[in-house]
Amino acid sequence: MTAGAIKPTPVLEAPADLMAAARANCAARLLARGSADEADAFARGERDQSWAMRHEVAKLRAEQAR
């Protein structure tokens with residue numbers, strides 16, 4: 001029995017200001033851990049579809065809803 005094809009993850013969509021804040025937060029977290037190259041990739045928007053960005057956007061949306 002097969003489970004079928006892996007479904008693609010939907011594109012992360014959020015307002016530009018929210019995406020910018022999420023990029024900055026992810027980059028800062030990575031810089032604090034000593035991963036400057038990866039932090040730069042987040043800051044440039046190259047990791048916008050990553051799970052870290054999805055988590056950060058969801059966290060920021062939840063904070064805005066309060």
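## Helix packing and charge pairing in a predicted model

The buried residues of α2 pack against α1 and α3. Here buried means under 20% relative accessible area, exposed over 50% and partly exposed in between, with a 1.4 Å probe and protein chains only. Contact means heavy atoms within 4.5 Å. Helices are DSSP runs of H or I with at least four residues, strands are runs of E with at least two, and the numbering starts from the N terminus.

The model is predicted: local features need pLDDT of at least 70, side-chain atom pairs count only at pLDDT 80 or more, and totals for chains, interfaces and linings use all residues. Residues are numbered from 1 along each chain as its sequence is written, and side-chain values use heavy atoms, with hydrogens and water left out.

Within α2, the residues Ala39, Ala41 and Phe42 are buried. They cover an arc of only 155° around the axis, so they lie on the same side of α2; the arc is that of the directions from the helix axis to the C-beta atoms. Asp37 and Ala43, on the other side of α2, are exposed. Just after α2, Gly45 adopts a positive phi of about 90°.

Ala22 touches Met53, Glu56, Val57 and Leu60, residues up to four places away in sequence not being counted. Leu30 lies in helix α1 and is buried, with a relative accessible area of 15%. With residues up to four places away in sequence again left out, Leu30 touches Ser35, Glu38, Ala39 and Phe42. The C-alpha atoms of Leu30 and Asp40 are 9.0 Å apart in space, while the two residues are 10 residues apart in sequence.

**Salt bridges**

Side chains of opposite charge can pair when their charged atoms come close. A salt bridge is a side-chain nitrogen of Lys or Arg within 4 Å of a carboxyl oxygen of Asp or Glu. The structure holds five salt bridges, and the table lists some of them.

| Salt bridge | N to O distance |
|---|---|
| Arg23 and Asp48 | 2.7 Å |
| Glu46 and Arg44 | 2.8 Å |
| Lys59 and Glu56 | 3.3 Å |

Arg23 and Asp48 meet in a salt bridge. Because Arg23 lies in helix α1 (residues 16-32) and Asp48 in the loop between α2 (36-43) and α3 (51-65), this pair ties together parts that are 25 residues apart in sequence. Asp48 is buried, with a relative accessible area of 12%.

Glu46 is placed in the loop between α2 and α3. Its relative accessible area of 48% makes Glu46 partly exposed, whereas Arg44, at 54%, counts as exposed. The C-alpha atoms of Glu46 and Glu13 are separated by 14 Å, and these residues are 33 residues apart along the chain.

Lys59 and Glu56 are three residues apart in helix α3 and are therefore separated by about one helical turn. Lys59 is partly exposed at a relative accessible area of 32%, but Glu56 is buried at 1%. Salt bridges that share partners join Arg29, Glu56 and Lys59 into one network.

**A buried arginine without a salt bridge**

The nearest side chain of opposite charge, Glu13, is 9.3 Å away; Lys and Arg count as positive and Asp and Glu as negative, while His and the chain ends are not counted. The side chain of Arg54 instead makes a polar contact of 3.1 Å with the side chain of Gln49. A polar contact is a pair of N or O atoms within 3.5 Å; within protein, one must be able to donate a hydrogen and the other to accept it, and residues adjacent in sequence count only if both atoms are side-chain atoms. Apart from neighbours within four places in sequence, Arg54 is in contact with Thr9, Pro10, Val11, Leu12 and Gln49.
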